Amino acid sequence: MIDLVIDRRERDIGGFVVGRVLPFTRRRMVGPFIFFDHMGPVDFAPGLDKSADVRPHPHIGLSTVTYLFEGEIMHRDSVGSEQAIRPGEVNWMTAGRGITHSERFEKARASGDRVHGIQAWVALPREEEEAAPSFAHHGPDDLPAYEGGGLRARLLAGTAFGAKARVKTHSPLFYVHWTLAAGAKAQLPPEYPEQAAYVVEGEVEVEGQSFHDGQMLVFKPGEPVLFRAATPATVMLLGGEPVGERFIEWNFVASSKERIEQAKADWRAGRMKLPDSDHDEFVPLP
C-alpha cells in the first residue's frame, strides 16, 4: 500500500528554514502536485527584518496554493491582488503564462507572530500552461468541512469524499486538511491514481507502521488506506490525475525546457510586470 516515504529536507530560503518535500529525486510529482514546502512553525518577534520577506518573484506554468495553520502572510501580485491569508483560508494563484508576487510578514513585523503552513505548487495541464494569470482567495465557506469520530476534515481544493471545494482547479485533484484526536481512525479511499499523505504534526499508524511529522507517504493506486492517530495529529492529503512530465527550475514549471529558458530571459530582461503595490525590489534570477 505504501510505495515510498519521503522525509522533508531543510532548505534555507533567506529569512528562515523550510522543510522541502517535493520534488524528490525518486518522486518528482504526486498527481499534479510538483512542489510541497512545510513552513515553520516559526516564532517571529516584533520588528522582524525585511530580509525574512519573500520579495517579488516570477512564476509560469503552475498554480501556487498557500495554506496556513497559524499566522498571517500578506500576498501582492501583478494582476492587482493584495490579500492577507490567515488560518483556514486558501490563496490560489494561477501563474499561467506569467505572474509575479510577493509574500510579506507584515503582521509579524508589527506585533510578532507564529507562522506555520504549507506552500504547494500544482502543475497546469499543457493546454492551460499559457493561460491568463489570475488570483483567488477562498474563506472557510468555500471549503467543505466534516467533523466526527475524532476527525476534523476540510477540503481545500478539488473533489474528494463526496464533496467539492469552490476553488477553480485545472485538472482532477484533491487537497485535504485532517486534524485527528489521539486514537481516531480515518480512511483515504482510492479515488485517484496518485495519492499521498504528509504528516504535519504528531504520529500516525498505517499498515502497522508509525510515521511522524515531516514524512510524506506516497501510496500505491487502487487500495484504501486506513490511518490511526497514535497522538493528536495533523495530516495533509493530496494527489490527483498525473499531467505528464514537467521541468522545474527556480520558480518556473513547464512541459518544455525551452519555455523555462524563455521565462528566465524575460525575468532577467525585466519583461515581467511587478506587483503595482510592491515594485521597488525583486528577487534576481539565481
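This is a predicted model: local features need pLDDT of at least 70, side-chain atom pairs count only at pLDDT 80 or more; totals for chains, interfaces and linings use all residues.
Residues are numbered from 1 along each chain as its sequence is written, and side-chain values use heavy atoms, with hydrogens and water left out.

Let me begin with the interior. In soluble globular proteins, nonpolar side chains tend to be buried together. By a nonpolar core I mean a set of buried Ala, Val, Leu, Ile, Met, Phe, Trp, Tyr and Cys residues joined through side-chain atoms within 4.5 Å, where buried means under 20% relative accessible area, exposed means over 50%, and partly exposed is in between, with a 1.4 Å probe and protein chains only. The largest such core here has 56 residues, and those with the most contacts inside it are Phe36, Tyr175, Trp178, Met216, Phe227 and Met236. Apart from that core lies another one, of 13 residues, including Val18, Ile73, Ala108 and Val115.

What does tryptophan 178 touch, if we leave aside its neighbours within four places in sequence? Taking contact as heavy atoms within 4.5 Å, its partners include Leu151, Arg152, Phe161, Leu188, Phe227 and Val235. Phenylalanine 33 is another residue to look at: it sits in strand 4, and at 0% relative accessibility it counts as buried. Phenylalanine 33 and isoleucine 248 are 215 residues apart in sequence, and their C-alpha atoms are 12 Å apart in space.

Now to the aromatic rings. Rings of Phe, Tyr and Trp (its six-membered ring) pair if their centres lie within 6.5 Å, with planes under 30 degrees apart counted as stacked, over 60 as edge-to-face and the rest as tilted. The whole structure holds eleven aromatic pairs. In one of them, phenylalanine 35 and tryptophan 121 have ring centres 4.0 Å apart and planes at 20°, so the pair is stacked. Phenylalanine 35 lies in strand 4 and tryptophan 121 in strand 11 (residues 113-123), so this pair ties together parts that are 86 residues apart in sequence. Both phenylalanine 35 and tryptophan 121 are buried. The rings of phenylalanine 44 and phenylalanine 105, by contrast, have centres 5.1 Å apart and planes at 50°, so that pair is tilted. Phenylalanine 44 belongs to strand 4, and phenylalanine 105 to the loop between strand 10 (99-104) and helix 1 (106-111), 61 residues apart; these two residues are buried as well. Ring pairs also link Phe161, Trp178, Phe219 and Phe227 into a cluster.

Next, the backbone. Most residues other than glycine have a negative phi, and most peptide bonds are trans. Where do we find cis bonds? One runs from leucine 22 to proline 23, with omega near 0°, and proline 23 lies in the loop between strand 3 (17-22) and strand 4 (33-44). Another runs from glycine 40 to proline 41, with omega near 5°, and proline 41 is placed within strand 4. Phenylalanine 161, although not a glycine, has a positive phi of about 55°; it lies in the loop between strand 14 (151-160) and strand 15 (163-164), and is partly exposed, with a relative accessible area of 40%.

On a 1 Å grid over the protein atoms alone, a pocket is an open set of points with protein on both sides within 12 Å along at least five of seven lines, a cavity is a set of points where a 1.4 Å probe fits but cannot get out, and lining residues have an atom within 4 Å of a point. Grid points are joined across faces, edges and corners, and a volume is the space filled by probe spheres set on the points. The largest pocket has a volume of about 690 Å³, and of its 28 lining residues the closest to its centre are Ile13, Arg20, Val54, His57 and Asn251. Strand 5 gives the most to that lining, with four residues. There are three cavities of 30 Å³ or more, and the largest cavity holds about 40 Å³ of space.

Methods:
Helices (H or I, at least four residues) and strands (E, at least two) are DSSP runs, numbered from the N terminus.
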